[in-house]
Amino acid sequence: MSRTLFTFKGGVHPPEHKTESNTQPIHSAPLPRHLVIPLSQHIGNPAKPVVNVGDLVRKGQMIAAADGYISAAVHASSSGTVTAIDMQAVPHISGLHDLCITLETDGRDEWIERTPLDYLAMAPTELRMQLRDMGLAGLGGAVFPSAVKLDPGAAHLCPTLIINGGECEPWITCDDLLMRHHAADILQGVAVMRHLLGSTEILVGIEDNKPEAIAAMQAAAARMDFAVEIVPVPAHYPGGGAKQMIQVLTGKEVPSGKLSTDIGIQVFNVGTAHALARAVHHGEPLISRLVTVTGHVQRPQNFEVLIGTPMRTLITLAGERDGTTGVLMGGPMMGVPMPSLDVPVVKATNCVLVKSAELFPPLPRAMPCIRCTRCADACPAELQPQELFRFAKAGDFGRAQEYHLFDCIECGCCSYVCPSHIPLVDYYRYAKSEIWAREKEKRASDLARERHEFRQFRIEREKKEKAEKLAAKAQAKRTELSAAPAENAATSEADAKKALIAAAMARAQARKAEAAPKNTDNVSPETQREIEEIEARRAKIRELARKPLEPKEKN
Amino acid sequence: MPAPFILDRSSVTQVMAWVLVALLPGVATYVWLFGPGILVTLALATVTALAAEAAMLKARGYPAKPFLADLSAIVTAWLLALSLPSLAPWWLIVTGTLFAIVVAKHLYGGLGQNIFNPAMVGYAVLIVSFPVQMTQWAGPLELTATPLSLTQSASVIFGGDFPKATLDAVTMATPLDALRTGLLQQLTVDEVMTRSIFGHYGGVGFEWLAAAFLLGGLLLWALRIISWQVPLAFLAGIWLAAGFLHFFDAGRFGAPWFHLFAPSVMLGAFFIATDPVTGATTPRGKLIFGLGAGLLTIIIRTWGGFPDGVAFAILLMNLSVPLIDAWTQPRIYGGAKHPDKDPSA
Amino acid sequence: MLAALLVMVGIAVVIGLVLGWSAIRLKVEGNPLAEKIDAILPQTQCGQCGFPGCRPYAEAIAKGEADINQCPPGGEEGMKKLADLLGVDPKPLDESHGTPKPKSVAFIDEQTCIGCTLCIQACPVDAISGAAKQMHTIIAAECTGCELCVPPCPVDCISMVPIAEDLPHWKWKHPVIMMKRVA
């Protein structure tokens, strides 16, 4: 079965370095003494802890619940005791700490009761809620909560389901090994996805540098009761990017600013499909994943690793070598440098790449941009990276956005080919995060303006209401007064003066009356006493405040 | 330092080095046809350019080593030297090179920042200021009685002392200049073309030089150092404009092949208009840039005050690059159009 | 002659009508320039500019009664944006109005607070909740960091806490390329 394939523009062919790790079998990493499990391993709201320090938990038990729709639960990767819920180092470039739950494992590795889900009998919404509570998130790198992606929505249908086995990043082989050894499980997961999304066409894109994985998947696909097409695609970085995979397999482009579901396509990583199968058919939440440990280590290979295992453990297992210059999470094109080796493996950790000066020589000094447009030729998003660079560098973020900064997928092709060795992607990340920060700031200042304006309005309204009440009182007194002299008939100047004074007093009285709540008239002596007590306390506060209070502050 | 952590093996130095290599066939042909005088010119321009570059880098607080090693100053020097008459006096070479490096390159912000092609600015300044010296070309060897040796050329360049007897024999106008003068004398193109300087296409010797530059240009294209758009559009612009005029009045306007095979055109099309720093960056923009430069070249050659228009045409197009780039932003993946044309953006 | 006069008068009447009609139909509400200036100002409502809030300052700038360099929370960047909008030259911030500080929020030491409500009255954006004799609390998400609540507090229990960088607020830094020689 051959399929007409398409190509995407741009892209590069960096050295693959796959054979270092994909020739070894998968080993399970041993159970570490401590597991540090971050609560924000996915995109969306961090999970909320549902255990306390000192609690005993079992393997697979939910320790933090999903918070909201776009979120995913977090589970204990093994049995043991919760020793801390605090800020710990997490695998993030900043080196900042984030909320984590620390487990001291008891070595028994005792599972909770696992119940497979009868997904065909369940309502789709309920099934998705279950998957969210089992912590499923995309294992390709973006860790978007899978339950959300498995919701085709009311209007959208996803006739095409693409399973991404591209794995275009150099060095990484975890998806390759997963497909070789767990092809049937992956396709079981695909069956669940197909059920939820109502897809009719299922394509599995695998780069043609993984012939064993292709063969294994094809053999497994032949045994499925629905049609799955295993499509070898040319190895061409970033062919494993979701948008590029869609273009290669279908010839369609995801419209700028839209989602692939808008054109009826949903894409999942093979690892996600596998995790989904484990969840549905075995009742196992997402507590472990395959991690490639490679680069400057003695025995590069893939491990089955419990989430929360320190990266240092894996590097020791693979054989640490002298001359290590750093560790990346992910591959050399898009990977993130780790602030320390003590950070835990998380759901997004597909690879721990150990650097050395020989494998990754320090980048040569950057030279000025000579506008050679090699970056534009290499850009798979078909942007003009040299212009984006110029705008980002100058802080002209508006223009950068006009030139489609947010269509950049940060694949690194532009930086890779740049003869001036400019860290272009750095500039785009900087510009993007600056724009987001500004939008946040703008929202904050809009809120402040709104609240300030409302406050002004409120003060104004209170003033007005006060004035109106005063006027009403004065009016009442005046009518009373003007009624009295009429009885006396004789009006002299002295009387007039008296009347004025009386009116002023009446006004003062009115003001007082205004200041005092009206329900203080005709009250019982006890209540009166209480009122007096309160008044005395109030006077004390006034004294403290050295400034009389406005009436509105009264209780 | 975040990702990516690996780089392709390319560098500015490598790009510039290939440009120099691609110029070598042209230089060799030059020596073969016009004698070794050009080597003196090249050496003098190179030394001047490197000294000026080093001084400007120091003055601007940049480290000299990596920026001298990028070879861009040498490329500028060679392009200027190859545009000058082969026996131009030393002060002409030095003035042009200094102007190119100091004013056109560094005062505009150095490598990558200059708006105008430095070599062409240097050339334009010289031709405006010293028109006489700029048109004194040593004739092709096959037309001159006594070719000058390297030392003789050097003494001509540095001392200004032509061997008296051979002065007239050695220097002569370029074909373009000859055509222009002839036309001014109310001669027709055919009458002018009967003179010995005109060869089969562009002029004796000059057409071989043009072919050598073409060869070097094709090498750069094969190495993907230059794109096809600019040279092709440039040549097409020349051919179309010259052909159009020639078609209407063959007596007053030179044939398109004659215009194409002037060496300045091939040098301009493959080495100067393709300068990435001062050229358009978008694919359509490159076509417009090249076409515009080609058309302007013929317009200036035909109606302008100077015999050749390549330098001015390229400088004028350099000026319009920001506009061309802004107008020709390509469609991106996912179909969003350029903001200028997209009301929703 | 008469015809010419009539034509001219006719044109004048028609144009007058059009202008009059458009003055009514296309009337611009409020002061558009002040609006635009107000949109640039940080809405801290701190009054450091010498006006009671951002909006009055914006109106004063629009009328030409105030300079563009009187807003420390807006900083250098805000001043430049104003200069850009108004087409005037940027100028250094006037230090008599204060200097830019790192963004902070107010924090009430709840042990010391006596519940006097003075800070509540001072807060320009109602970001303090509490009642008389009750402990007060800053709603950090709504606090603009204007510091107006600090001086009225009789027991000095309010301090300004700079906003610490955490993961949700972390930003990519401007890449540092050592192009020039560092002296």
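Tutor: Helices (H or I, at least four residues) and strands (E, at least two) are DSSP runs, numbered from the N terminus. This is a predicted model, where local features need pLDDT of at least 70, side-chain atom pairs count only at pLDDT 80 or more, and totals for chains, interfaces and linings use all residues. Residues are numbered from 1 along each chain as its sequence is written, and chains are lettered from A and ligands numbered from 1 in the order in which they are written.

Student: What angle do helix α12 and helix α15 of chain B pack at, and how far apart are their axes?

Tutor: The angle is about 10° and the axes are 8 Å apart, for residues 206-222 and residues 263-272 of chain B. Axes are lines fitted to C-alpha atoms, for helices over the stretch in contact, and angles run from 0 to 180 degrees between N-to-C directions.

Student: Which residues make the contact?

Tutor: From α12(B), they include Phe206(B), Leu209(B), Phe213(B) and Leu220(B), and from α15(B), Val265(B), Met266(B) and Phe270(B) are among them. Two residues are in contact if their C-beta atoms, placed from the backbone, lie within 7 Å. Ala, Val, Leu, Ile, Met, Phe, Trp, Tyr, Cys and Pro count as nonpolar, Asp, Glu, Lys and Arg as charged, and the others, Gly among them, as polar.

Student: How many helices and strands does chain B have?

Tutor: Chain B has 18 helices and two strands. Of its 345 residues, 54% are buried. A residue is buried if 20 or more other C-beta atoms lie within 10 Å of its own, exposed if 12 or fewer, and partly exposed in between, with C-beta atoms placed from the backbone.

Student: And how many residues does the contact take from chain B and from chain A?

Tutor: It takes 32 residues from chain B and 44 residues from chain A. On the chain B side, helix α1 (residues 12-34) gives the largest share, three residues. That side divides into 19 nonpolar, 11 polar and two charged residues.

Student: Switching topic: which peptide bond is cis?

Tutor: The one from Tyr237(A) to Pro238(A), with omega near -5°. Pro238(A) sits in the loop between β11 (229-233) and α6 (242-250) of chain A. Most residues other than glycine have a negative phi, and most peptide bonds are trans.

Student: What is phi of His17(A), then?

Tutor: It is near 50°, a positive value in a residue other than glycine. His17(A) comes in the segment before α1 (19-22) of chain A.

Student: Is His17(A) buried or exposed?

Tutor: His17(A) is buried, with 21 other C-beta atoms within 10 Å. Over in chain C, Asp126(C) also isn't a glycine, and it has a positive phi of about 50°. Asp126(C) counts as partly exposed, with 14 C-beta neighbours inside 10 Å.

Student: Last one: how is chain C divided?

Tutor: Into domain 1 (32-97) and domain 2 (104-163), with bounds that come from an automatic or database domain assignment. Their C-alpha centres lie 26 Å apart. Six residues of domain 1 of chain C are in contact with seven residues of domain 2 of chain C.
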